[in-house]
Amino acid sequence: MNRSISGRLIAKDLYLYRWLIIAAVLIGTAALPLMRLGPGDGVRSGVNLGMILFITNVIVLGIFIVMYGVLKERQDKTSLFILSLPVSPMQYTTAKVGAALLAFLAPWLLLTGGTIALILLSDTAPDGGIPSFAAMMTFFLCNFCVLLALVLVTTSEQWAIAGILITNFSVPVFLSIVLNLPDISAFRRAEAAVWSPTVLAIIAISLAIAALSLTLAYYVQSRRKDFI
Amino acid sequence: MTAAALAFRNVSKRYPFFTLDDASFRLEQGQIMGFVGPNGAGKTTSIRILMGLIQSDAGSVELLGCPIPSEQVRAKWNVGHVSDDMRLFGAATLDWHMGFVKSIYPTWDAGYATTLLKRFHLHQQQSIKHLSHGERIKALLLLVLARRPRLLVLDEPTSGLDPVARHEVLAELMDLLQDGERSILFSSHNTLDVEQISDQITFIDRGRIVASDDKEVFLDRWQRLSIELSPDCALPEVAGVVDVTRTGRIAVVTTNDYRPELPVIYAHAGAQVRDVQRMTLEEIFVANVMHNRKERGE
């Protein structure tokens, strides 16, 4: 019975996020044809409005889910209403994380898959850009999980803003330094996708940080004595 | 022996600037308890401990026979909790909220929900963000009452309501009490509301339970006596007197243990009791709190 309540809480959140998810998919899809994926551009062009729109869309989606779905629910005391239902605070946390991940991952998967498909189907876009694009998208997923974990643990607006600033600041650092590592940039214009050890390590590290941050958030929540 | 609707046993919770200290009280099933205290007395902290939202540092709590917080989920199936700072989802309608709660509780009474919509003058399709404070409280009560809980835990539900809305809410609670199976814990600093609906009263002040008893016991025992004294007459020491105010030959004595023989005791000492007045719950509350603070040297 409790599993079904957790499912209803997740469904409730997805219903409340529905316009956000739809908007993210639409904006991301609109950005795809605007991306200049021709030879020499890959995913690192200097002025690439489509790519900027695409990246901003994914980042903003993550921020909105965390701020609107997690932090605002706490601040507005709607969490008090949910916790009056037959759920424990840990079940509430699980449902919150599940809903946030689903709300982020659904557009993320669509946009990541769509972009990769577009590159693969394109005659002009080199497939060599796929690994660095995948690494970038995994990095965004990691940033989202870190921000989500931070807000779950702190429930403070100040910490959330600090988290947003830090994760956003890390994006240009990632794009300009990590994606320009020789082992990655050397293959970006290649005809075929090359999954170098460096790019695989970046993806693995991003996923590990994402998992670790959420695990830590769960651990802190489980030891917490006051949930409101 | 049936389990109590709720029971606090020596519950403590320490914060840097507030301590809930060794709180013990009990509400039997089918009873209504007014939980009265000034702002910051510990009412909300106690209720949040009761609902498993805060863990106490010491003591034990039971809700409908379930230990809290470990079995809070089982208990919450039969508990309706409303507090004045609880919010619904602003972007959704009341209808959506009703559907959401109905999907969780098989006990949802759709007919009663419709009746409450009419009584509270609420509109199902109205967005929550457009509701006033009073309408929001009524919407919360509707969502709780229509699932027919065995215990209602109401934390300052009438706070900030206009007199008409307060009357509507209290009338609905009184109606609900026709069913003797249900229990209510009703926290408020408004003693008038509490006096209207409660069987039992628990007073809390500065994190301590000051007194907990039947309402009628409080009203019978706490009395105010106007006594006329001759100039050379001193008031005798009488057990239960918590306050004496003397102006010239007239003394006003407040007692928490009124007995019919009290006027006789004073008469033997040369003092004439001119008047014995029942106190309102508010007067009892204030006198009780001030007496306890004095006793603790605060």
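Reply: Let us begin with the terms for sheets. Two strands pair if DSSP finds at least two bridges between them. Helices (H or I, at least four residues) and strands (E, at least two) are DSSP runs, numbered from the N terminus. In chain B, six strands form an open sheet in the order 6-7-8-3-9-10, with mixed pairing. Strand 6 and strand 10 of chain B stand at the edges with a single partner strand each, so one side of each has no neighbour in the sheet.

Me: Before we continue, what kind of model is this, and how are its parts numbered?

Reply: This is a predicted model, in which local features need pLDDT of at least 70 and side-chain atom pairs count only at pLDDT 80 or more, while totals for chains, interfaces and linings use all residues. Residues are numbered from 1 along each chain as its sequence is written, and chains are lettered from A and ligands numbered from 1 in the order in which they are written.

Me: Which pairing sense joins strand 7 and strand 8 of chain B?

Reply: Strand 7 (residues 151-155) and strand 8 (residues 183-188) of chain B pair in the parallel sense, over five bridges. As an example of a bridge, Leu154(B) has Phe186(B) in strand 8 of chain B as its partner.

Me: How does one read the angle between a helix and a strand, and where does helix 5 of chain B lie?

Reply: Axes are lines fitted to C-alpha atoms, for helices over the stretch in contact, and angles run from 0 to 180 degrees between N-to-C directions. Two residues are in contact if their C-beta atoms, placed from the backbone, lie within 7 Å. Helix 5 (residues 133-145) of chain B lies across strand 6 and strand 7 of chain B, and its direction is at about 175° to strand 6 of chain B.

Me: What is the order of the open sheet of four strands in chain B?

Reply: The order of that sheet is 2-1-4-5 in chain B, and the pairing is antiparallel. Its edge strands are strand 2 (19-27) and strand 5 (66-68) of chain B, each of which pairs on one side only. From one strand to the next, the twist averages 25°. Strand 1 (residues 6-14) and strand 4 (residues 58-63) of chain B pair in the antiparallel sense over five bridges. Leu6(B) has Leu63(B) in strand 4 of chain B as its bridge partner, and Arg9(B) has Ser60(B) in strand 4 of chain B. Three bridges join strand 4 to strand 5 of chain B, again antiparallel, and Val61(B) stands opposite Ile68(B) in strand 5 of chain B. Helix 1 (residues 43-50) of chain B lies across strand 1, strand 2, strand 4 and strand 5 of chain B, at about 115° to strand 1 of chain B.

Me: Is Leu64(B) buried or exposed?

Reply: A residue is buried if 20 or more other C-beta atoms lie within 10 Å of its own, exposed if 12 or fewer, and partly exposed in between, with C-beta atoms placed from the backbone. Leu64(B) is buried, with 22 other C-beta atoms within 10 Å. The residue is found in the loop between strand 4 and strand 5 of chain B, and has a positive phi of about 50° although it is not a glycine.

Me: What is the phi of Asp22(B)?

Reply: Asp22(B), in strand 2 of chain B, has a phi near 55°, a positive value in a residue other than glycine. With 15 other C-beta atoms within 10 Å, Asp22(B) is partly exposed.

Me: Where is the cis peptide bond to Pro69(B)?

Reply: The cis bond runs from Ile68(B) to Pro69(B), with omega near 10°. Pro69(B) is found in the loop between strand 5 and helix 2 of chain B.

Me: Which residues of helix 3 of chain B are buried?

Reply: They are Leu94(B), His97(B), Met98(B) and Phe100(B). Seen down the helix axis, these buried residues fall within an arc of 160°, so they line one face of helix 3 of chain B; the arc is that of the directions from the helix axis to the C-beta atoms.

Me: How many residues does each chain bring to the contact?

Reply: Chain B brings 22 residues and chain A brings 20 residues. Helix 2 (72-76), strand 6 (79-83) and helix 3 (94-104) of chain B each supply at least two residues of the side of chain B that touches chain A.
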